[in-house]
Amino acid sequence: MSRLEAKKPSICRREPLTGERAGARLAALRGLLTSCYGPAGRLKQLHNGRGGPVAATSHSAALLAGLPVSHPVLKVLTAAVRNHVACFSDGGLFTAILCCNLVENVQRLGLTPTTVIRLNKHLLSLCTRYLKSEVCACRIPVDFGSTQILLSLVRSILTSKPACMLIAKEIDHISTLILKAFLLTIPENAQEHIILGKSIIVPLKGQRVIDSAVLPGILIEVSEVQLMKILPIKKSDSFKVAVFCVSLSGDLSDTGEGTLLVSYGVSLENAALDQLFNLGKQLVSDHVDLVLCQKVIHPSLKQFLRTHQIIAVDRIGVSLMEPLSKVTATVCSLLLCNRNDTAWDELKLTCQTALHALQLTVKEPYVLLGGGCTETHLVAYIRHKTRNEPESVLRDERCSQTELQLITEAFCSALESLAGSLEHDGGEVLTDGKYGHFWSVQANLPSAVNWPDLPSRCGCGLYSSQEELSWSFLRSAHHPFPPQTCLSHEAKGSANTLTLDCFTAKLSGLQVAVETASLILDLSCVIEDTN
Amino acid sequence: MDCRVINKRRHTGLQQLSSFAETGRTFLGPVKSSKFIIDEECHESVLISSAVRLLESLDLTSAVGQLLSEAIQAQNKTYRTGTSTLLFLVGAWSSAAEECLHLGVPISLIVSVMSEGLNSCIEEVESLQVPVHSVYDHIDSTETFSGLSVSLDPSLHIPSGTGLVQKEHDLKDVASQSLAFCRLSGRPVKSPQLFRLQARFEADENTSQTPQTLKNNLLADTCCRKSVLTHSRHFSRTDRHQWISKPGELLEQLSAAAPKTYRCSDLAELEVGLSHGDPSSMRLVAEAVRLQHQNAGMRRGGHTVLFPFDISRIFTCCLPGLPDSLSCVCPGYITVLSMSSATLIKELQNQPVRVVLVEGDLTENYRHLGFNKPTNIKTVSESVKVQQDSSEELWTDHVLQVLIKFNVNLVLARGNVSEGLAEKCTDSKRLVIGSVPESVLQAFAEASGAVQVAYITHMNENCVGSGVSVTTWRSVTSDTVDGISRMTVVLKTEGINLVTVVLTSPVTAQMQTKEDRFWTCASRLYYALKEQKVFPGGGAVELLCLTHLQSLAGQSVNKGNQDCSGWLHNTSSWLASSAALYRPTVLKSLADGWHRYLSTLLRNTAVYSSDSEAATSIQCHLQNAADSGSPSSYILNEYSKLNSVILNSGISDKLEPIPRVYDVVTPKIEAWRRALDLVLLVLQTDSEIITGLAHTQKSSQESEGFLFL
């Protein structure tokens with residue numbers, strides 16, 4: 001019996017961000033996500049505390065799906081990030097951390113939300129315009145004539161998730177497979193509108209990673225008994241296939257409510273089976289060679305088909321039905337192996353991310369420099385722009401010079417903290433005064449400008465410390481400088497061991513982060529239903 | 001809705017791992033002490049002697065415990081061997097990782113250096129691999145080592161022509177004696193020596209030599225093999241990569257000098273080497289292989305080009321309450337039936353019978369998977385004639401008619417069998433057996449020409465198989481279980497690719513252990529034959545790992561292996577440049593894990609009575625290996641000299657030759673990888689997130705260390 005309860009008045013809370021609780025929870029979420037970020041990120045064990053499966057992960061999709069947040073501000077944030085991940089797969093942690101940083105940084109300033117939102121929007125468009133422009137020095141055009149950049153992109157995504165538990169050899173193997181799988185989904189005779197095919201990930205848990213493989217076409221599981229009967233298939237040309245998505249198990253169709261009276265001696269099951277046999281005879285007379293059924297085929301019908309040399313495979317499952325209808329187009333199966341369930345789950349998520357990143361790269365054929373370099377370079381660019389050309393902003397956005405400086409600093413330091421989050425073992429981060437790239441060094445070095453033991457390469461791997469560069473600590477006050485724009489040609493060529501990020505995903509992540517931060521800062525009250 | 005984030009659990013995870021692993025320490029090595037696990041609530045106890053069963057019985061509700069359990073299960077599911085090694089190394093390496101943390105090594109560096117170190121070890125031990133080639137060359141002549149199969153027990157009713165191979169197990173069986181909690185009975189590898197020599201003796205008999213000359217040859221072979229070995233130029237080579245890279249050439253060279261040193265071409269030798277202190281289980285496996293091989297020969301008309309040992313066609317039948325000596329291997333399917341079928345079986349005994357295979361239950365209500373039976377259908381009778389028969393009876397009659405029509409006397413069903421039908425069939429001289437495993441049905445389908453059916457009432461002549469013989473094996477009075485007398489029957493057809501291993505044990509509690517051990521032995525042999533390579537056993541591989549890591553730790557990082565884990569090798573992080581500082585420390589900790597493994601192995605095999613003795617011995621060998629310039633050659637050399645536990649210098653003065661001990665390659669290496677992966681996974685975990693909607697309010701004391709979102 002249903003019970004009706006009188007509606008209780010909703011609770012309205014003003015200024016949800018100002019309470020101590022909100023600040024602590026936002027900081028906790030930021031700390032949690034920051035600790036997962038990057039190839040040296042720490043893992044989280046997710047489980048329900050009651051003997052359920054344990055997942056060890058640092059993947060935002062897995063984390064946010066299992067992280068039940070109660071505070072409305074955090075709910076807004078995680079919902080936005082999950083939405084981004086659903087659309088782009090990559091850059092979930094980037095988006096979430098940047099958003100947390102922005103909210104925390106701006107909140108401290110105590111400016112009015114409207115000013116903050118307006119200026120944040122301005123800074124965001126400054127970033128996106130730069131990233132999309134030809135002079136942008138932190139993006140590389142993708143050359144589809146070679147595998148170098150694409151492989152580097154895939155490898156960077158794989159290495160960013162340590163819970164996959166891959167060694168270097170295995171990363172190379174899986175990267176190659178992912179690229180192969182991606183290439184197999186590109187139709188051969190591409191016209192104006194390319195419709196990419198599908199790659200189906202087939203689980204093979206418990207096996208060695210190195211045994212993973214890619215096969216063109218769809219892999220269907222068939223019992224060994226059946227297989228021995230099927231093989232060898234002699235007929236190779238004009239192989240007729242019939243695909244059924246309805247059950248052929250001999251079920252009676254829905255008899256509706258009430259009781260059905262059947263005369264003694266009449267068997268509805270046999271009647272249904274007779275119908276199936278009629279179907280079978282039709283298939284035989286149509287010279288069908290292979291019958292595939294999403295659901296169950298009645299064993300007697302299967303037996304009938306078998307005696308007429310028709311291969312019958314049932315219980316294909318709904319997930320294979322869509323690619324099956326495309327089987328003549330481009331479908332491939334990626335047989336993914338890993339030693340145990342936990343590592344396999346993480347590897348699967350990561351492979352999906354990588355495949356998605358490759359697909360996005362087709363649409364926008366660029367990659368961004370990874371390893372923190374894009375962030376630090378953007379920071380240098382923004383600082384320089386707002387310091388040297390503030391007039392137009394001040395006029396358009398109707399704000400004071402101080403306000404602009406404060407917001408720019410908050411925005412830049414949010415990006416810098418994000419880049420700094422790549423460090424988990426107590427190291428120090430520097431930026432150079434020429435390219436504005438990210439350099440990682442050991443902590444507690446004497447603060448001279450020219451250290452003897454500087455890292456040999458920057459975070460993305462594009463530049464080496466051989467040239468005369470000047471360095472400063474990240475997050476330390478320094479003079480704005482114009483970072484060198486326009487990538488040199490030799491730089492584009494040396495993409496062999498670069499750390500790269502997906503252009504589309506990162507750009508969207510940046511937008512989502514800034515917009516969500518603005519939304520959160522703009523919240524003036526939260527109305528909650530109590531029942 | 002609350003989520004609890006438990007922070008600062010960095011070290012407790014590793015500590016949990018090492019304490020879980022400690023419980024399985026005694027399972028390492030050939031002599032395994034069993035454990036009783038007692039449930040304090042219901043006073044039930046289980047006897048276990050393997051890591052898998054141990055973890056099954058332990059209450060592992062913590063997240064780390066579950067991950068450990070998952071890792072062990074995955075190893076067991078894939079390889080059925082190597083779980084004790086896995087469990088032990090998890091413990092050893094989690095202590096090692098913890099030690100590194102205490103010394104202030106950054107976590108990311110521990111992860112990448114340990115990963116690199118193990119990887120380098122795995123590459124290094126490739127040089128120790130022993131190729132397994134043409135082991136079946138002698139198999140036909142050995143006739144399942146008749147020299148060993150003494151007399152058949154006259155008390156057994158073995159019908160002639162069933163081809164049973166019955167052995168009297170007069171050899172000392174370590175496995176059966178391991179019930180004692182502490183067993184220090186000396187070398188467990190001693191007994192199989194007879195087994196091996198006998199097999200070799202028979203193997204060579206085929207080459208038309210008189211037994212006398214052969215015996216001399218054998219002795220001579222054993223003697224000069226050693227001398228050839230020690231002085232062989234191949235052992236003084238320091239550049240081992242040269243001969244690894246060209247295996248063909250190597251074999252050629254070796255065949256001139258010491259042909260039997262680096263390869264294993266004798267199946268019996270391989271079996272003894274892989275028995276790991278459990279000769280009785282391995283003997284059963286050996287017989288199963290020979291039966292399968294004979295069968296394969298029959299099916300292909302004598303041409304056994306490539307014979308794969310197929311463990312999916314081996315079936316175990318456990319008969320608790322019978323003496324150990326009754327364990328045996330038979331072609332066909334052996335199963336236990338109630339005594340009430342005795343007369344029926346006697347009648348079916350002397351004729352080939354026709355068979356039907358049912359892939360599901362054999363009951364009136366059974367419908368195939370995916371069929372939904374509507375519940376709202378009612379049958380009405382139009383006439384006033386009263387229907388006496390229930391639908392169940394009608395169905396039974398129908399089935400019986402079909403069986404009579406096709407002259408079928410034997411029905412094997414995958415699932416349950418309706419009792420009424422079984423009774424009626426018995427009355428009409430038809431035997432119905434339920435709960436038959438899938439692989440057994442498949443074997444009968446292949447051998448008898450039958451096609452599995454879902455509904456017996458829908459079958460036709462094409463589905464019937466023929467030529468199955470039904471014979472009694474022996475009666476089993478199992479009053480220990482429920483007081484019902486039972487009997488066992490053998491079902492088989494000409495050339496059926498199915499072997500039943502009957503496992504017996506007077507102690508019911510040991511039955512599970514016995515079955516597990518049989519499968520472990522079978523898997524070891526399976527992988528050795530499949531991969532065509534084995535490792536020298538007895539700690540040789542681990543000793544090389546230990547030496548290798550020690551020398552790596554001594555090298556400068558530039559010279560070191562560039563094949564780091566994951567990201568460090570092409571990263572620009574400061575960690576890459578400061579790795580040199582911490583590398584020796586981490587590698588040493590990893591090596592300490594191997595050291596613990598070796599000394600526990602030595603302690604468990606009762607070679608040494610104290611850890612310090614074991615440590616001294618290991619140290620001595622390490623020194624020698626380092627001094628020799630080529631540790632792998634030194635180890636192979638020692639291995640060939642001693643043949644058994646490599647570090648067992650205490651017994652080398654006895655002249656009695658000891659058979660080689662072998663180990664499987666991939667399952668072992670995978671166990672190492674899984675162990676380290678688990679340790680590193682836990683090491684890199686910094687918090688636990690408890691998900692779900694549980695509204696359990698924690699008291700303020702409990703919620704310490706929790707974060708709420």
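1. Ala, Val, Leu, Ile, Met, Phe, Trp, Tyr, Cys and Pro count here as nonpolar, Asp, Glu, Lys and Arg as charged, and the others, Gly among them, as polar. By these classes, the lining of the largest cavity holds 16 nonpolar, 24 polar and eight charged residues.

2. This is a predicted model, in which local features need pLDDT of at least 70 and side-chain atom pairs count only at pLDDT 80 or more, while totals for chains, interfaces and linings use all residues. Residues are numbered from 1 along each chain as its sequence is written, chains are lettered from A and ligands numbered from 1 in the order in which they are written, and side-chain values use heavy atoms, with hydrogens and water left out.

3. On a 1 Å grid over the protein atoms alone, a cavity is a set of points where a 1.4 Å probe fits but cannot get out, whereas a pocket is an open set with protein on both sides within 12 Å along at least five of seven lines; lining residues have an atom within 4 Å of a point. Grid points are joined across faces, edges and corners, and a volume is the space filled by probe spheres set on the points. The count comes to 13 cavities of 30 Å³ or more.

4. H6(A) contributes the most, with five residues.

5. The second largest pocket has a volume of about 1300 Å³. Of its 39 lining residues, A:Ser267, A:Glu269, B:Glu364, B:Arg367 and B:Ser391 lie nearest the centre. Two or more residues each come from helix H9 (268–285) of chain A and from strand S9 (377–380) and helix H16 (391–405) of chain B. By class, the lining of this pocket divides into 17 nonpolar, 16 polar and six charged residues.

6. Chain B has an open sheet of three strands in the order S5-S14-S6, with mixed pairing; two strands pair if DSSP finds at least two bridges between them. Strand S5 (314–320) and strand S6 (328–331) each have a single partner strand, so one side of each is left without a neighbour in the sheet. The twist averages 25° from one strand to the next, with axes as lines fitted to C-alpha atoms (for helices over the stretch in contact) and angles running from 0 to 180 degrees between N-to-C directions. S6(B) and strand S14 (499–505) of chain B run antiparallel, joined by four bridges, and B:Cys328 stands opposite B:Val502 in S14(B).

7. Another open sheet of three strands in chain B has the order S4-S15-S16 and antiparallel pairing. Strand S4 (130–131) and strand S16 (662–663) are the edge strands. Two bridges link S4(B) to strand S15 (533–536), where B:Val534 is the bridge partner of B:Val130.

8. B:Gly29, in the loop between helix H1 (10–22) and strand S2 (35–38), is buried at 16% relative accessible area; buried means under 20%, exposed over 50% and partly exposed in between (1.4 Å probe, protein chains only). The C-alpha atoms of B:Gly29 and B:Leu601 are separated by 5.4 Å, although these residues are 572 residues apart along the chain. B:Thr513, in helix H19 (511–531), is buried at 9% relative accessibility. Not counting residues up to four places away in sequence, B:Thr513 touches B:Leu47 and B:Ser49, contact meaning heavy atoms within 4.5 Å.
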